[in-house]
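The following exercises are to be worked through with the sequence and the model at hand. Each task is followed by a solution in steps.

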Amino acid sequence: MDRLFEELEVECGTSVQCILERASALLRLDIEVEVLNEEEWNAVPRFVLIDGDRARIPVRRADPQWFRLHVVIHELAHLLCGHARCESLPMTFDQLRKPAQACVLAGVGGGTGSAAFADSPQQAGQQADQEAEAEALAHRLGSFVVVPQFASAEAG
């Protein structure tokens, strides 16, 4: 993971856009974040993150801005980990209010999410491992974006 950050050349206080651009160049993949209204959101295919040489990160306009930021960073982490899909796509803020779905988003437990679509217990375990791996990287990436904002707010 340290090598990945060296290749990304991520600095504390960088923007999400900057991280997206650097990841896009590093992965040789067109990464697009799409803010969708409800009608468009309902048409988002489940689990799909990469299609050919393009990655699409959908976020729902109705979700809080902080949650949309979390989704973008989480999906970007999947891409950086080499995952072509995300078992919790499409993710909505509403899912966090339902305990079974919240477990799936966190990569643990069962419920009506990724484990329900696994063909075997082994596949369910692999899906949970990928979610956990992406979430760990997302926390690290998020710290580069969020920490400076809080630090400057505390200083003022």
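Contact here means heavy atoms within 4.5 Å. The structure is a predicted model.

**Exercise 1. Determine whether S24 is buried or exposed, and state which residues S24 touches beyond four places in sequence.**

Solution. 
- Step 1. Locate the residue: S24 is found in helix α2.
- Step 2. Apply the cut-off: a residue counts as buried under 20% relative accessible area. The relative accessible area of S24 is 19%, and S24 is therefore buried.
- Step 3. List the contacts: with residues up to four places away in sequence not counted, S24 touches L29, D30 and I31.

**Exercise 2. Describe how the axes of helix α2 and helix α4 cross, and identify the residues that meet.**

Solution. 
- Step 1. Take the geometry: the axes of α2 (residues 16-27) and α4 (residues 65-80) come within 11 Å and cross at roughly 20°.
- Step 2. Classify the angle: angles under 35 degrees count as roughly parallel. The helices α2 and α4 are therefore roughly parallel to each other.
- Step 3. Assign the hand: the crossing in which α2 passes α4 is left-handed.
- Step 4. Identify the residues: α2 contributes V16, I19, L20, A23, L26 and L27, which meet L69, V72, L76, L79 and L80 of α4.
- Step 5. Sort these by class: the contact of α2 with α4 has eleven nonpolar residues, with no polar and no charged ones.

**Exercise 3. State where L79 is placed, and which residues L79 touches beyond four places in sequence.**

Solution. 
- Step 1. L79 lies in helix α4.
- Step 2. With a relative accessible area of 4%, L79 is buried.
- Step 3. Not counting residues up to four places away in sequence, L79 touches L27, L29, I31, L49, I50, A55 and I57.
- Step 4. For one of these, A55, the separation from L79 along the chain is 24 residues, while the C-alpha atoms of L79 and A55 are separated by 8.1 Å.

**Exercise 4. Find the side chains with which the side chain of H83 makes a polar contact.**

Solution. 
- Step 1. Leaving aside neighbours within four places in sequence, H83 is in contact with L49, I50, H78, Q130 and E133.
- Step 2. The side chain of H83 makes a polar contact with the side chain of H78 at 2.8 Å, and another with the side chain of E133 at 2.9 Å.

Conventions:
Residues numbered from 1 in each chain as written. Predicted model: local features only at pLDDT ≥ 70, side-chain atom pairs only at ≥ 80, totals over all residues. Heavy atoms only, no water. Axes fitted to C-alpha atoms, helices over the stretch in contact; angles between N-to-C directions. Helix = DSSP H or I, 4+ residues; strand = E, 2+ residues; numbered from the N terminus. Parallel < 35°, antiparallel > 145°, perpendicular 65-115°, else oblique. Left-handed = near helix turned anticlockwise from the far one by under 90°. Nonpolar A, V, L, I, M, F, W, Y, C, P; charged D, E, K, R; others polar. Polar contact = N/O pair within 3.5 Å; in protein donor to acceptor, adjacent residues only side chain to side chain. Buried < 20%, exposed > 50% of the residue type's maximum accessible area, 1.4 Å probe, protein only.
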